[in-house]
Amino acid sequence: MEQQPDYSAWSSEKLVERVTILEKQLREQMPSSPKPKHKKVKPVRRFDPEKYSTRFIALKFAYLGRKYNGLEHHANNTTPYPTIEEELWKALSKAKLVFPTPKPSLDDEEPNWEGCEFSKCGRTDKGVSAFGQVISLKVRSNRPLPLPTSHEGHKNAENHRDAEHRSSNGKGTSPAVAPFDPIKDEIPYPQILNRLLPPEIRILAWCPFPPADFSARFSCTQRSYKYLFTQPAYTPTPGLTGLTSVKTARGQRREGWLDIGAMREAAKKFEGPHDFRNFCKVDPSKQIENFERLITFSDIIYIGPGHKGPAGYLSLPDFQEYHPSNIDDLANSALGDSHPPSSQIQPTPVIHAFEVRGSGFLWHQVRHMVAILFLIGQGLEKPSLVDDLLDVEKTPRKPVYDMADAAPLVLEDCKFDPELQWNYIGDNTSGGNDVARNGLKGDGKYGIGGAVDELWK
C-alpha cells in the first residue's frame, strides 16, 4: 500500500503545485459535459394576403349581452366592458380571415373594417342579447387564385403548377383537378370562429352567396325583438289581500300579477306607422328629424311554464292572483283550511314575451314600449295611454318615466329581401369537408368548435 506523503513538511509552493496536479487528474477522469443546446427561434412567418382569394359572405350569430357593452364599437372610445364587435374582430384577425387597409389613427387592437365591406344589422345596446344577429363582410377564401397570364408572372405560374402536382400525389404527376366547390371546399368559418370566440358568442350559420349589393344594415326588411318576463312579475306579499291591491276596469289586481289582457290590448296599438318620439331616447348628436317607424306586429305571447325551482311557493293560495273562482279558496286558506286551491291557481311562474317586429327602431324604443306596457299591466295606467303618447299633437313632449331593464331583451331574428340561404353549423353543407385537416370534432353543434357548449345547453 502506497504510503501517504506528509504534507506538513511541504512548502506552500509545493502544496500549490500538488493541488494543481490533482485537479488536472480529476478533470481528466470526469466525463465531458455536453454543451447547452439553444432552442432555435422559429422566424415569424409574414402572412401575405396577396396569396389568397377573398369572398363576400354573411354570418348569423348569437350572444348573451350581459357581459358586453353592446354590439357596436366606437373608435378611440374606452368602455368598461368589451363590445361584441371587438370580440368578433379579435377572432377574425387571429384566424387571418380579414385583410383590412391599415389606418394609422387606430391602435392595433382596435377593430378596423376598412376595405372589408363590413356592415351589421341590429345595433343592440349594453346588456341586450341576440339569437339572430347578422353581419356581412369580405373574408379569406380557399378558392385557388387564377394563374398569372402576364410575361412577368410566367415563372410564378410554373411554380404554382409544380406545387399543385407535388401536393396531389407526391410523384410529379397529377390527375384532373376537381372543380372548387364554393361550400364543401370552403373554409369552415363557423367552426373556426367558435374556437376563438368567448363562450357567450356563437356563430350559428353563414351565407355563401349574398346579393352583390347586400348590406346587413340596409338590406334588412324586418327586425324581430322579444322582451321576456314572468307572470307574476315579482313575488306578491303573502296573505289574503297582500300588501297592496289596485282596482282596475278589469277588476281587483294584486301586486306582482300583471293584467296580460290589458297589456295585449295596449301592445296592439303599436302596430302600423306611428311617430315614436315619446317612446325613445333622443340622441342630440344625430339630430334625427324623422321619428316615424312601421311596426308590423306587436303582441304579448305565451312562451311556457318556468322551472318550478325555488318559486314553487306560488302554488300556495296566499300568493295567487285574484280570480272570482278562487276568492273562496283564498278566504278558506286564511282561516286555516288546508284544502287544495281551485284549478285556476297557477302552480309556478309562467313566461310571457312582448314580441315586436318592424323595419327599424329608434334608440331604446323597445325598452320604452315595454316600460309603458308594465305600467298598464300593473293597473297604474290604462291601455289608452299608448294612444295618447303616439299622438304627438296631444303629447308633444315625452313624459318622464324609466325605461325597462336591458337584460330580458333579445334580438330574435333579422329578415332580408331576397331571403338569404343559410348554411347552419352541423349541416352537411356548412363548409369544410375535411374534418381531420381542420382539426374539428363532432358535427359542429357540440364539442370543440361547436355552436353549443356548457353555457348554451
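Predicted model: local features only at pLDDT ≥ 70, side-chain atom pairs only at ≥ 80, totals over all residues.
Two residues are in contact here when heavy atoms of theirs lie within 4.5 Å. Leaving aside residues up to four places away in sequence, F61 touches L71, I84, L88, F131, G132, Q133, V134, I135, I201, R202, I203 and L204.

F61 also belongs to the largest nonpolar core, a set of 79 residues. Along with L137, F279 and F354, F61 is among the residues with the most contacts inside that core. Helix α7, residues 365-377, gives the core its largest share, seven residues. In soluble globular proteins, nonpolar side chains tend to be buried together.

Now consider the protein as a whole. Nine helices and 12 strands make up its list of elements. There are 457 residues, and 41% of them count as buried. Among contacts with a separation of 6 or more, 75% are between residues 24 or more positions apart. The exposed surface comes to about 27600 Å², and carbon and sulfur atoms supply 53% of this area.

Charged side chains also link parts of the chain, and the structure holds 15 salt bridges. One of them joins D413 and K60, with 4.0 Å from N to O. D413 is in strand β11 (residues 409-416) and K60 in strand β1 (residues 53-63), so this pair ties together parts 353 residues apart in sequence. K60 has a relative accessible area of 7%; buried means under 20%, so K60 is buried.

A second salt bridge connects D405 and R66 at 3.7 Å, N to O. D405 sits in the loop between α8 (384-390) and β11, while R66 sits in the loop between β1 and α2 (84-94), 339 residues apart. D405 is partly exposed at 46% relative accessible area, and R66 is exposed at 60%.

The loop between β1 and α2 also holds K67, whose partner E200 lies in the loop between α4 (189-196) and β4 (201-207), so this pair ties together parts 133 residues apart in sequence. The closest N and O atoms of K67 and E200 are 3.0 Å apart. K67 is exposed, with a relative accessible area of 52%, whereas E200 is buried, with 10%. Elsewhere, a network of salt bridges links R264, K268, E271 and D299.

Finally, where is D259 placed? D259 is in the loop between β7 (251-254) and α5 (260-268). The relative accessible area of D259 is 9%, so D259 counts as buried. Its side chain reaches the backbone nitrogen of A262 at 3.2 Å.

Methods:
Residues numbered from 1 in each chain as written. Heavy atoms only, no water. Helix = DSSP H or I, 4+ residues; strand = E, 2+ residues; numbered from the N terminus. Buried < 20%, exposed > 50% of the residue type's maximum accessible area, 1.4 Å probe, protein only. Polar contact = N/O pair within 3.5 Å; in protein donor to acceptor, adjacent residues only side chain to side chain. Areas by Shrake-Rupley, 256 points an atom, 1.4 Å probe, with all protein chains shown as cover. Core = buried A, V, L, I, M, F, W, Y, C linked by side-chain atoms within 4.5 Å.
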